[in-house]
Amino acid sequence: MNYYAIQVKTRSENKYIKLLKSHHPDINLPVYFPQRRLDIRKQGKVKQSLSAIFPGYLFIEADNDEEVTKYRWEFRRTEGFCRFLKSNQEITPLSDHDLETVMHFLKNNGPVAGISRVYFNENARIVVAEGPLMGLEGKIVKVDRRKGRAKIKLDLYNDSFTVDLAFEVIESLGAQNRR
């Protein structure tokens with residue numbers, strides 16, 4: 001199975017998927033839009049928010065290049081489309097590091113990355129017990145314990161951006177063993 005990336009208008013990813021499905025019901029390729037759930041505290045009130053992990057990018061699953069090429073004009077004609085990646089002339093499946101990064105969120109966490117469970121070791125370093133941050137410890141740029149967020153650096157097609165993912169702190173292993 002191959003995965004292909006398309007760039008669409010940022011913050012219109014869901015709209016693009018709905019338009020694609022309604023205008024072109026013959027396209028039966030799965031289209032993925034990985035999102036993350038965060039608690040946003042504003043004026044003392046906490047609201048859950050969903051936002052994109054890869055803003056402006058959708059991922060198409062197909063067996064081969066011919067399947068994507070067959071529907072390339074339908075994808076391009078749908079409102080909000082920007083381009084295929086690598087380019088519109090050279091539609092290339094994700095590979096190597098790009099594929100690993102995307103698959104981490106598509107297969108391990110489902111369509112929405114929830115809250116990771118973490119603890120801090122004796123050196124005050126974050127240790128992920130479970131959740132979407134698992135396996136991304138080396139990409140953590142900043143940890144905000146008060147907000148319960150870890151800022152991670154992601155790379156996709158030579159583009160780098162940071163994303164906040166939520167976590168909740170569980171007691172450290174040392175504290176549990178002292179009981």
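Predicted model: local features only at pLDDT ≥ 70, side-chain atom pairs only at ≥ 80, totals over all residues.
**View 1. A closer look at the pairing of S1 with S5.** How many bridges hold strand S1 and strand S5 together? Strand S1 covers residues 2–8 and strand S5 covers residues 57–62, and six bridges pair them in the antiparallel sense. To find your place in this pairing, look for isoleucine 6, which stands opposite leucine 58 in S5. As you follow a strand, remember that in a regular strand the side chains alternate between the two faces of the sheet.

View 2. Tyrosine 4 belongs to strand S1. Is this residue, tyrosine 4, buried or exposed? Its relative accessibility is 0%, so tyrosine 4 counts as buried. Setting aside residues up to four places away in sequence, tyrosine 4 touches Leu58, Phe59, Ile60, Ala62, Asn64, Asp65, Val68, Ile91, Thr92 and Pro93. With one of these, aspartate 65, the side chain of tyrosine 4 makes a side-chain polar contact of 2.3 Å. For a sense of scale, take valine 163: it is 159 residues from tyrosine 4 in sequence, and the two C-alpha atoms are 21 Å apart in space.

**View 3. Isoleucine 60, a buried residue of strand S5.** Isoleucine 60 is found in strand S5, and with 0% relative accessibility isoleucine 60 counts as buried. Not counting residues up to four places away in sequence, isoleucine 60 touches Asn2, Tyr3, Tyr4, Ile6, Leu29, Pro30, Val31, Phe75 and Phe84. Tyrosine 119 makes a handy reference point: along the chain it is 59 residues from isoleucine 60, and 35 Å separate their C-alpha atoms.

View 4. A search of the whole structure turns up seven aromatic pairs. One of them joins tyrosine 3 and tyrosine 32, whose ring centres are 6.3 Å apart and whose planes make 45 degrees, a tilted arrangement. The partners are 29 residues apart, with tyrosine 3 in strand S1 and tyrosine 32 in strand S2. Tyrosine 3 counts as buried at 5% relative accessibility, whereas tyrosine 32 is partly exposed at 25%.

**View 5. The hairpin of S3 and S4.** Strand S3 (residues 35–42) and strand S4 (residues 45–52) run antiparallel and are joined by eight bridges. Two residues lie between the strands of this hairpin, and glutamine 43 in the turn has a positive phi of about 55 degrees. Within the pairing, leucine 38 stands opposite serine 49 in S4.

**View 6. Aspartate 164 and its contact with lysine 151.** Aspartate 164 is part of strand S12, residues 159–169, and counts as buried at 18% relative accessibility. Its side chain is joined to that of lysine 151 by a polar contact of 3.2 Å. Leaving aside neighbours within four places in sequence, aspartate 164 is in contact with Arg36, Leu38, Arg149, Ala150 and Lys151.

**View 7. Stepping back to the whole chain.** The protein chain has five helices and twelve strands, and its C-alpha atoms fill a box of roughly 60 × 40 × 25 Å along the principal axes. Of its 179 residues, 41% count as buried.

How values were computed:
Residues numbered from 1 in each chain as written. Heavy atoms only, no water. Pairing = 2+ DSSP bridges. Helix = DSSP H or I, 4+ residues; strand = E, 2+ residues; numbered from the N terminus. Phe/Tyr/Trp six-rings, centres within 6.5 Å; stacked < 30°, edge-to-face > 60°. Buried < 20%, exposed > 50% of the residue type's maximum accessible area, 1.4 Å probe, protein only. Polar contact = N/O pair within 3.5 Å; in protein donor to acceptor, adjacent residues only side chain to side chain. Contact = heavy atoms within 4.5 Å.
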